[in-house]
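Look over the sequence and the model, then read on.

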Amino acid sequence: MGLLVDGKWVDRWYDTKTSGGRFVRQDAVWRDWVTVDGEATGGRERGFRAQPGRYHLYVSLACPWAHRTLIYRKLKKLEDVISVSVVHFHMGEDGWTFLAEDGATGDTLYGSGFLHQIYTRADPAYSGRVTVPVLWDKQEQTIVSNESSEIIRMLNTAFDEWGDASLDFYPEALRAEIDAVNALVYPAINNGVYRAGFATTQDAYAEAFGDLFSALDQIEGRLSAQRYLVGNALTEADWRLFTTLVRFDPVYVGHFKCNLRRIADYPNLSNYLRDLYQVPGVAETVDFHHIKSHYYGSHKTINPTGVVPIGPEMHLEAAHDRARFGTA
Ligand SMILES: N[C@@H](CCC(=O)N[C@@H](CS)C(=O)NCC(=O)O)C(=O)O
């Protein structure tokens with residue numbers, strides 16, 4: 001694990017000394033947008049036009065943020081439109097690598113050894129973390145975005161000429177409510193499990209733990225009255241929560257010490273998790289081998305032996321009770 005400093009790779013773990021033991025996630029740096037007409041948007045200067053075959057995703061199957069983009073690529077039927085490279089699940093002193101074994105594809109564009117070489121290809125003097133997902137422009141040979149929440153908004157609409165335009169996970173009428181749910185789920189749950197797991201003081205851990213389970217309790221209540229997070233419409237808010245929920249019992253309960261309750265102990269959340277998992281195409285994006293091997297094997301400060309637990313049984317194909325609410 002490390003980062004680039006002026007284009008040079010430095011092996012360094014997260015620094016929690018200046019934040020009272022708290023893990024503070026850095027904002028993504030590349031924040032441009034692919035749009036239908038190629039016009040710049042979001043206050044940015046550079047625009048990128050949606051075109052089939054032009055863009056590439058660098059992902060890890062272990063990573064919940066990258067997983068969001070794979071779900072969108074699958075459900076929006078963009079597999080022939082946007083190509084993908086999968087990094088190896090082990091993130092060691094070189095960061096993410098392109099070791100092409102065990103379900104990892106290698107760098108199918110340039111044959112690089114390390115993901116940090118993709119970052120320096122875009123900017124030889126880049127300083128910052130080297131994260132997945134990366135949305136890469138093969139034409140301009142640069143990174144468009146390394147922020148998953150924005151990449152999924154692009155995949156939701158910009159490529160509709162070649163994908164499934166009938167699916168909209170961020171419809172105009174529901175945006176305010178989706179944003180409000182995200183504002184609860186992101187800090188307390190998506191990032192909350194990391195805040196608990198990477199905390200280096202008891203207080204920082206307890207703070208994250210409290211926020212996490214209070215948010216899960218709220219979501220459990222919400223899901224007792226409706227099928228999805230925003231009424232009975234399946235939206236972006238659900239996919240953003242899903243990638244954390246599916247990792248919760250196999251990884252976050254043990255590895256990140258998020259062990260007040262398992263998702264399996266929440267009647268609504270556990271049925272909801274199965275409901276989302278069973279949406280056609282989604283199960284193919286979930287790889288428990290990469291997920292468990294990555295976390296337990298890569299975070300040596302948390303799990304020095306790198307031994308990966310064998311369980312738990314997940315039963316995500318089992319029947320769920322969510323159809324009683326119908327769909328919007
Ligand atoms: N804000 C980013 C976060 C991405 C992220 O942190 N990815 C993790 C993997 S789960 C990563 O690559 N971490 C490497 C590092 O922090 O050095 C997003 O949502 O796209």
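## A covered strand

Strand 5 (residues 55-59) is mostly covered, with five of its five residues buried. A residue counts as buried if 20 or more other C-beta atoms lie within 10 Å of its own, as exposed if 12 or fewer do, and as partly exposed in between; the C-beta atoms are placed from the backbone. Strands here are DSSP runs of E with at least two residues, helices are runs of H or I with at least four, and both are numbered from the N terminus. This is a predicted model, in which local features need pLDDT of at least 70, side-chain atom pairs count only at pLDDT 80 or more, and totals for chains, interfaces and linings use all residues. Residues are numbered from 1 along each chain as its sequence is written.

In a regular strand the side chains alternate between the two faces of the sheet. Both faces of strand 5 are covered. Y55, L57 and V59 are buried on one side. H56 and Y58 are buried on the other.

## Partners of strand 5

Two strands pair if DSSP finds at least two bridges between them. Strand 5 pairs with strand 6 (residues 82-86) in the parallel sense, over five bridges. In this pairing, H56 stands opposite S83 of strand 6. Strand 5 also runs antiparallel to strand 8 (residues 134-137), joined by four bridges. There, Y55 stands opposite D137 of strand 8.

Strand 5, helix 1 and strand 6 make a right-handed β-α-β unit. Right-handed means that, with the strands pointing away from the viewer, the path from the first strand over the helix to the second runs clockwise.

Strand 1 (residues 2-5) and strand 2 (residues 8-11) pair in the antiparallel sense over four bridges. The two strands form a hairpin with two residues between them. In the turn, D6 has a positive phi of about 50 degrees.

Strand 1 also pairs with strand 7, again antiparallel, over two bridges. L4 has a bridge partner in each neighbour: W9 in strand 2 and G128 in strand 7. The three strands form an open sheet in the order 2-1-7. Strand 2 and strand 7 (128-129) stand at the edges with a single partner strand each, so one side of each is left without a neighbour in the sheet.

## Helix pairs

Helix 1 (residues 64-75) and helix 3 (residues 148-157) pack at an angle of about 5 degrees, with their axes 9 Å apart. Axes are lines fitted to C-alpha atoms, for helices over the stretch in contact, and angles run from 0 to 180 degrees between N-to-C directions. Helix 1 and helix 3 are therefore roughly parallel to each other. Angles under 35 degrees count as roughly parallel, over 145 as roughly antiparallel, 65 to 115 as roughly perpendicular and the rest as oblique. Helix 1 brings W65, A66, R68, T69, Y72 and R73 to the contact, and helix 3 brings S148, I151, I152, L155 and N156. Contact means that the C-beta atoms of two residues, placed from the backbone, lie within 7 Å. The residues of this contact divide into six nonpolar, three polar and two charged. Ala, Val, Leu, Ile, Met, Phe, Trp, Tyr, Cys and Pro count as nonpolar, Asp, Glu, Lys and Arg as charged, and the others, Gly among them, as polar.

The axes of helix 4 (residues 175-190) and helix 7 come within 9 Å and cross at roughly 10 degrees. These two helices are therefore also roughly parallel to each other. Helix 4 contributes I178, V181, N182, V185, I189 and N190, while helix 7 contributes E236, A237, R240, L241 and T244. By class, this contact has six nonpolar, three polar and two charged residues.

## Helix 8

Which residues of helix 8 (residues 267-277) are buried? They are L269, S270, Y272, L273, D275 and L276. Their cover includes helix 6 (202-222) and helix 7 (236-252).

## Backbone details

A cis peptide bond joins V132 and P133, with omega about 0 degrees. P133 lies in the loop between strand 7 and strand 8. Another cis peptide bond joins G311 and P312, with omega about -5 degrees. P312 is in the segment after helix 9 (288-298).

D102 has a positive phi of about 55 degrees although it is not a glycine. D102 sits in the loop between strand 6 and helix 2 (116-122), and is exposed, with 11 other C-beta atoms within 10 Å. K257, in the loop between helix 7 and helix 8, has a positive phi near 60 degrees. K257 is partly exposed, with 16 other C-beta atoms within 10 Å.
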